[in-house]
Amino acid sequence: RQVYNNGHRCDENQRNRETSVVFQCLPQKERTDQYRGYRMYLQEGALCTYILTIKTPLLCPDAWHSFV
């Protein structure tokens with residue numbers, strides 16, 4: 001998880017925006033292209049606080065079998 005804080009000021013709560021980036025395995029059943037497929041999801045977990053989830057098969061335990 002990576003956290004980026006001290007972003008632009010949010011008008012609604014007068015706090016700086018914050019984004020967390022989370023990397024996860026993209027399971028085989030969700031893959032559209034085994035080698036290049038990835039998915040990104042952006043959520044506003046709380047007011048002006050965002051969560052960007054990036055799912056990639058490169059983070060899965062079986063991913064490296066293709067490269068070895």
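**Note on a four-strand predicted model**

1. Of the contacts in the protein with a separation of 6 or more, 42% are between residues 24 or more positions apart. The structure is a predicted model, and the points below should be read with that in mind.

2. The protein has four strands and zero helices. Read from the N terminus, the order of its elements is β-β-β-β.

3. Of the 68 residues in the protein, 24% are buried.

4. Serine 20 is part of strand 2, which covers residues 18-25. Is serine 20 buried or exposed? Its relative accessible area is 6%, so serine 20 is buried, the cut-off for that label being under 20%. With neighbours within four places in sequence left aside, serine 20 is in contact with Arg1, Gln2 and Val3, and also with Tyr50, Ile51 and Leu52.

5. Threonine 56 belongs to strand 4, which spans residues 49-56. Threonine 56 counts as buried because its relative accessibility is 15%, and the label applies under 20%.

6. Which residues does threonine 56 touch, not counting those up to four places away in sequence? They are Gln24, Cys25, Leu26, Gly37 and Tyr38. For one of these, glycine 37, a C-alpha separation can be given: 6.7 Å from threonine 56, with the two residues 19 apart along the chain.

Key. Residues are numbered from 1 along each chain as its sequence is written. This is a predicted model: local features need pLDDT of at least 70, side-chain atom pairs count only at pLDDT 80 or more; totals for chains, interfaces and linings use all residues. Side-chain values use heavy atoms; hydrogens and water are left out. Helices (H or I, at least four residues) and strands (E, at least two) are DSSP runs, numbered from the N terminus. Buried means under 20% relative accessible area, exposed over 50%, partly exposed in between (1.4 Å probe, protein chains only). Contact means heavy atoms within 4.5 Å.
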